[in-house]
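Biologist: I would like to learn how to read a protein model. Could you take me through one, a feature at a time?

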Amino acid sequence: MSDLSAEDAKLVTLARATRARVGAAQGAAVRDSDGRTYAAATVDLPSLQLSALQVCLAMAVASGAGGLEAAVVLGAETDLAPADRAPLSEFAGPTVVVHLGDPRGTIVASTTSAG
């Protein structure tokens, strides 16, 4: 995490704490173009399954965000799933930086919303 900006390191902290608090498979956090942050965990109900990033995107859209600056996703995945990448790119554009890390918050890869 040492090469992350202070703002992106904050996203890691938020994602890690949110995932740990509910014991979810994933935690995510995003920062919108106004500097507001949103953090969420995976939703895994019998009738509703959402990734942590999808929940963050829904929160940002519902709050009237005009775009995103950065995102962090913590979990077992080492790349964004297509179901995450498509809405992220649609809402925020192709150049949003996404940091991917393990559940403890160690960043293992960075990509963009376009891949």
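Biologist: Let us start with α3: which elements do the buried residues of α3 pack against?

Modeller: The buried residues of α3 pack against α2, β5 (68-74), β6 (97-101) and β7 (107-112). Contact here means heavy atoms within 4.5 Å, and buried means under 20% relative accessible area, with exposed over 50% and partly exposed in between (1.4 Å probe, protein chains only). Helices (H or I, at least four residues) and strands (E, at least two) are DSSP runs, numbered from the N terminus. Bear in mind that this is a predicted model: local features need pLDDT of at least 70, side-chain atom pairs count only at pLDDT 80 or more, and totals for chains, interfaces and linings use all residues. Residues are numbered from 1 along each chain as its sequence is written, while side-chain values use heavy atoms, leaving out hydrogens and water.

Biologist: Which residues of α3 are buried?

Modeller: First, the general idea. An α-helix has 3.6 residues a turn, so residues three or four places apart point the same way. Now this case: in α3, residues 82-92, the buried ones are Asp84, Arg85, Leu88 and Ala92. They cover an arc of only 95° around the axis, which puts them on the same side of α3; the arc is that of the directions from the helix axis to the C-beta atoms. On the other side of α3, Pro82 and Glu90 are exposed. Just after the helix, Gly93 takes a positive phi of about 95°.

Biologist: And what covers the buried residues of α2?

Modeller: The cover includes β1 (27-32), β2 (37-41), β3 (43-45), β4, β5 and α3. The buried residues of α2 are Ala52, Leu53, Val55, Cys56, Leu57 and Ala60. Just after α2 there is Gly64, with a positive phi of about 85°.

Biologist: Where does Ser51 lie, and is Ser51 buried or exposed?

Modeller: Ser51 lies in the loop between β4 (48-50) and α2 (52-62). With a relative accessible area of 13%, Ser51 is buried. Setting aside neighbours within four places in sequence, Ser51 is in contact with Gln26, Thr42 and Asp84.

Biologist: Let us visit α1. What does Leu11 touch there?

Modeller: Leu11 has its place in helix α1, residues 6-22, and counts as buried at 0% relative accessibility. Not counting residues up to four places away in sequence, Leu11 touches Ala29, Val30, Arg31, Thr37, Ala70, Ala71 and Val72. Thr18 also has its place in α1 and is buried, with a relative accessible area of 9%. By the same way of counting, Thr18 touches Ala39, Ala40 and Ala41.

Biologist: Now the whole chain: how many helices and strands does the chain have?

Modeller: There are three helices and seven strands, and from the N terminus on they run α-β-β-β-β-α-β-α-β-β. The radius of gyration is 12 Å, close to the 13 Å that the globule rule gives for 115 residues, so the chain is as compact as a globular protein of that length. That radius is taken over C-alpha atoms, and the rule is 2.2 Å times the number of residues to the power 0.38.

Biologist: What share of the 115 residues is buried?

Modeller: Buried residues make up 43% of them. As for contacts with a separation of 6 or more, 54% are between residues 24 or more positions apart.
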